[in-house]
Each structure stands twice: as C-alpha cells, then as structure tokens.
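Student: Could you take me through how charged side-chain contacts and helix geometry are read from a model, starting with the terms themselves?

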Amino acid sequence: MKTVQHSVRLPAALDTALRALADRQGKTVYAMLRRCVKTGIDGQENPPVSRADDRELVAEVASMSTRLADVERMLDRTLHTACAAYCYARSAAMGGGKSDEVITAETQRAYDRQRAAAEERP
C-alpha cells in the first residue's frame, strides 16, 4: 500500500483527546490519528440508517406496546372468567346452595391465587 503524507493541524482540545485515546489503547498518536481518520471516512461513506427509519421503528414499537396491553387485558379477563366458571361448576358439583356473593368471593380468591402463581419466577 502506497502512503501519502498530509499535514494536519488540530485544535489543542482535539489533540489532548487524541493523545488520551492513544494512551488508553496503547498506540502511538500517529497510529491513533490514522485510525480516527479511517473511521471518520468510513462513517462518511456509510452513514447510519436515516432518521425516517428510526421514526417508523418507534411508531411500530409503540403500536406493539398498545396491542400487548390489549392482549394482557383480554388474558386477565379470560383468567377471571375461567375462575368464575370453575367456582360455579364446583359449587354445582357439590350440590349447590351457595349464593352468588359467596361464589363471587371464591372466584376472586381463585383469581388472586392464579395471578400470584403467574408472577412467581421458576
């Protein structure tokens, strides 16, 4: 590879940053300057994805978050319905006679137990 020499003047603050970076990475100042220039040119030739794509991703994540909240509400309601069906079926199998208030209280306790079990980490 043929090299070409360039003279570069850097502001003092940039020179200080360059020297500190070279020191941290165990390189000479010149090797670090070459690396910084190469990285800068690569960054200019291959710019990051446009901001429009970022906005689309954010909008899609927000949409997924909304849909996930809807699914969580439906699952919660389904769990409550399943608990109520279990309590009413259990009451009927045991001969009935329980009031709706008693079955409602049993349903809530069963629902609370299932929610607590779902929140436990294996």
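Tutor: A salt bridge is counted when a side-chain nitrogen of Lys or Arg lies within 4 Å of a carboxyl oxygen of Asp or Glu. This is a predicted model, in which local features need pLDDT of at least 70 and side-chain atom pairs count only at pLDDT 80 or more, while totals for chains, interfaces and linings use all residues. Residues are numbered from 1 along each chain as its sequence is written, and side-chain values use heavy atoms, with hydrogens and water left out.

Student: How many salt bridges does the structure hold?

Tutor: Side chains of opposite charge can pair when their charged atoms come close. The structure holds seven such salt bridges; one of them joins Arg19 to Asp15, with the closest N and O atoms 2.9 Å apart.

Student: Where do Arg19 and Asp15 lie?

Tutor: An α-helix has 3.6 residues a turn, so residues three or four places apart point the same way. Both Arg19 and Asp15 belong to helix H1 (residues 12-25), where they are four residues apart, about one turn of the helix; helices here are DSSP runs of H or I with at least four residues, strands are runs of E with at least two, and both are numbered from the N terminus. In helix H2 (residues 29-45), Lys38 and Asp42 are likewise four residues apart, about one helical turn, and they form a salt bridge whose closest N and O atoms are 3.3 Å apart.

Student: Is Glu106, which meets Lys98 in a salt bridge, buried or exposed?

Tutor: Buried means under 20% relative accessible area, exposed means over 50%, and partly exposed lies in between, using a 1.4 Å probe and protein chains only. Glu106 is buried, with a relative accessible area of 13%, whereas Lys98 is partly exposed at 33%; the N to O distance between their side chains is 2.7 Å.

Student: Which residues are linked in a network of salt bridges?

Tutor: The network links Asp76, Arg115 and Glu119.

Student: What span should H1 have?

Tutor: The expected span of a helix is 1.5 Å times one less than its number of residues. For the 14 residues of H1 this should give 20 Å, and the end C-alpha atoms are 20 Å apart, which agrees. Just after H1, Gly26 takes a positive phi of about 70 degrees.
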